[in-house]
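Please report on how this chain is put together. Cover the sheets, the cores and a few selected residues.

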Amino acid sequence: MQNGGRYRRVWLWAAVACIYMGCNKGGKPSGNTDPTPVPASGISYWLTTGDKNNLLSRQTTALDFATITSSLPVINVDSTQIFQPVDGFGYTLTSGSAQVINQLPAAEKNNLLNELFGSGENSLCINFLRIGIGATDLSATVYSYDDMPVGQTDPGLLQFSLSPDQAMIALLKQIVLVNPAIKLLATPWSAPAWMKDNGSSIGGSLLPAYYSVYANYFVKYVQAMQVEGLTVYAITPQNEPLHPGNNPSMYMTAAQQALFIKTHLGPAFSAAGITTKIIIYDHNCDRPDYPLDILNDAAARPYIDGSAFHLYAGNITALSQVYSAHPTKNIYFTEQYTSSTGSFSGDLSWHLKNVIIGSMRNYSRVALEWNLATDPSYGPHTSGGCDVCLGALTIGAGTVTRNVSYYIIAQASKFVKAGSVRIASDDYGNLSSAAFLRPDGKKVLIVLNEDAAAQVFNIRFKSKMLASTLPGKSVATYIW
C-alpha cells in the first residue's frame, strides 16, 4: 500500500496567509465561527510533506484570489455542485489503544485528548470514532461481554456485562467531555464463542438458533452504553465478515447478514426503541456484491442506514457503485491501517489519495484510519492479531510519537467540520483533490501531489484564480 521511489526536496515558492481556519478556539465546538477574521480574498494553507520537513504546518505568506490569465493546470472548485454530507474523520479506538493512552500521566493524557478531540487552535477536531463491541485483534486478550465456560451457554444473557471494557469506557467518557458531539460506531469482531458453530473466537458462524439472542446482545450493549452516558450512533453487525482467520473473527455471508437484520436485529432495535443506525458489510472494496445483495432484499433494506468499506482489496470506486444502486443509503469508509514496514511518504500519498480524497469523492460520509495508538512493539494485540499495525500514535515510557496516520487524518479533520458537504473539484494529472463547504460558509480544498517533483497549478473559484506550488509527495489543505 505504499508508493515507492525517490523523493527530491523542493522549496515552496507560493505559500499562504497565516490565518488559522480549522477549529474554533475555546472548550466546545461551535461549528459556525472562526477565531480570526479573514481577509475578503485571503486563503490560509496547511502543508504536510513526505520528507517530514512540514508536518501540518501553517504557511505564513498570503495568497489571494485575483483575476488573472494563466496556462497552468487548473483545479476548479464549484460550491454550487453539492454532494454528500460529511460526518467526520477519525480512527478506531481499540481497547489496546485505550490501554496505552491510559498509561500516560493524568495531565499528559488530558493534554493529548484535547489535542485529538478538542476544538482549540492546536487540536485535530476528531469527531468520529469506531470502537469494538468486545475484543478486537488489537486488544490484549480475547473477550466478549458474555463469555461462558466451555460447554455452557447463556441464552438469557444473564451474565452480560461491559466490565471487560471499563478502562476503555472510562476513556470514552473523558473524550466525550472534550467533544460532546463525537459520534461512535461500534463493531463486533465476533459473537460470544458459545453462540457459534465452532465454539471458538476464531472463525465459525453464528448458529441460527442464537440469532435472536445475538440481536438482544446488541440491544443490551446499546442500552448499557447509554447507562454509561455514551450514545452509540451506529453499529455494524460484523467486522470483516469474509475474513474468518483473525482473532477474534466470525464468518457471515451476505445472506446470513440479511436474514439476521431483517428477522432479528432490526425488529429487536425497533421493539426496544433504539435509534442506533445499522450499517452493513464493513469489509473490502472487492466485494460490492455483498452490500448490494443485502440492500436488494426488500425486507432487510428498511432497517439499514448504509454500507461500510475497507480497502485491503478492490478499488475505492466500489463505494460509488453501491451508492449509485441505492442512493438513499449512506456510504462509510471505516478502516485502513498503516504498517510498521511502510514509509511515511508512501503511506501519506496512498492514504490521502484513497482513504481521504478517494472515499470522499465516492460518497463516503466518514474516513477512518485503523488504530489510534499502539506501544513501541505495535501492541497490545491478541495471539494472531496484527503485529505490524502502526498506530496514529506510538506511546511508551511516557512519550507520544505522532505517526503518518495522525497527519493523514489531521489534514482533513482539523478543517472539515461535521455538517460540511462535499462540493465539486477537479483532479488534474498527479494532483488529486476533494473540496467541501463548511456550515460557516468557508470552503476547504485538500490537494495531494503524488508526483516526486513539485507541481505548479491554479485554484479557480468563481472566475478568480490563485497560483500555488506543492512539493513532491505532499498534501495541502486550503481554506477561504
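## The barrel

In this predicted model, eight strands close into a barrel in the order β5-β6-β7-β8-β9-β10-β11-β13, and the pairing is parallel. Strands β7 and β8 run parallel and are joined by two bridges. Across that pair, Leu185 stands opposite Ala234 of β8. Strands β10 and β11 are also parallel, with five bridges between them. Here Ala308 faces Tyr332 in β11.

How enclosed is β11 by the rest of the structure? It is largely enclosed, because five of its six residues are buried.

## Helices on the barrel

Helix α1 (residues 95-102) lies across β5 (88-93) and β13. It runs at about 85 degrees to β5. Helix α3 packs on the sheet as well, where it touches β5, β6 and β7. The direction of α3 makes about 170 degrees with that of β6.

Helix α7 (residues 318-325) has four buried residues: Ala318, Leu319, Ser320 and Val322. Their cover includes the barrel strands β9 (277-285), β10 (306-314), β11 (330-335) and β13 (364-371). Helices α6 (289-295) and α8 (344-361) also take part in covering them.

The largest nonpolar core holds 111 residues. Those with the most contacts inside it are Leu93, Phe117, Leu172, Met195, Tyr221 and Ile356. Helix α4 (residues 211-227) supplies the largest share of this core, ten residues. A second, separate core has 21 residues, including Val77, Leu445, Phe457 and Ile459.

Helix α4 is 17 residues long. From first C-alpha to last it reaches 25 Å, close to the 24 Å expected at 1.5 Å a residue. Its buried residues are Tyr211, Val213, Tyr214, Ala215, Tyr217, Phe218, Val219, Tyr221, Val222 and Met225. An α-helix has 3.6 residues a turn, so residues three or four places apart point the same way. The cover over the buried residues of α4 includes strands β6 (128-132), β7 (183-187) and β8 (234-235). Helices α3 (166-178) and α5 (254-271) are also part of it. Just after α4, Gly229 takes a positive phi of about 85 degrees.

Phe117 belongs to the largest core. Beyond its neighbours within four places in sequence, Phe117 is in contact with Ile126, Leu129, Ile175, Val178, Asn179, Ile182 and Leu372.

## The three-stranded sheet

Strands β14, β16 and β17 form an open sheet in the order β14-β16-β17, with mixed pairing. β14 (373-374) and β17 (399-402) are the edges. Each has a single partner strand, so one side of each is left without a neighbour in the sheet.

Strand β16 (residues 393-396) pairs with β17 in the antiparallel sense, over four bridges. Within this sheet, Ile395 stands opposite Val400 in β17. Helix α2 (residues 106-117) packs on the sheet and touches β16 and β17. The direction of α2 makes about 20 degrees with that of β17.

## Asn239, a buried polar residue

Asn239 sits in the loop between β8 and α5. Is it buried or exposed? At 5% relative accessibility, Asn239 counts as buried. Its side chain makes a polar contact of 2.8 Å with the side chain of Arg130.

Leaving aside neighbours within four places in sequence, Asn239 is in contact with Arg130, Thr187, Pro188, Trp189, Asp282, His310 and Glu335.

Asn458 is in strand β21 (residues 455-461). It counts as buried because its relative accessibility is 0%. The side chain of Asn458 makes a polar contact with that of Ser70, at 2.9 Å. Contacts of Asn458 beyond four places in sequence include Ile68, Leu72, Val74, Met465 and Ala467.

Leu72 lies in the loop between β3 (63-64) and β4 (74-85). At a relative accessible area of 28%, Leu72 is partly exposed. Leu72 and Asn458 are 386 residues apart along the chain, yet their C-alpha atoms are separated by 6.2 Å. Not counting residues up to four places away, Leu72 touches Val456, Phe457, Asn458 and Ala467. Of these, Phe457 is part of the second core.

How values were computed: Residues are numbered from 1 along each chain as its sequence is written. This is a predicted model: local features need pLDDT of at least 70, side-chain atom pairs count only at pLDDT 80 or more; totals for chains, interfaces and linings use all residues. Side-chain values use heavy atoms; hydrogens and water are left out. A nonpolar core is a set of buried Ala, Val, Leu, Ile, Met, Phe, Trp, Tyr and Cys residues joined through side-chain atoms within 4.5 Å. Buried means under 20% relative accessible area, exposed over 50%, partly exposed in between (1.4 Å probe, protein chains only). Contact means heavy atoms within 4.5 Å. The expected span of a helix is 1.5 Å times one less than its number of residues. A polar contact is a pair of N or O atoms within 3.5 Å; within protein, one must be able to donate a hydrogen and the other to accept it, and residues adjacent in sequence count only if both atoms are side-chain atoms. Two strands pair if DSSP finds at least two bridges between them. Axes are lines fitted to C-alpha atoms, for helices over the stretch in contact, and angles run from 0 to 180 degrees between N-to-C directions.
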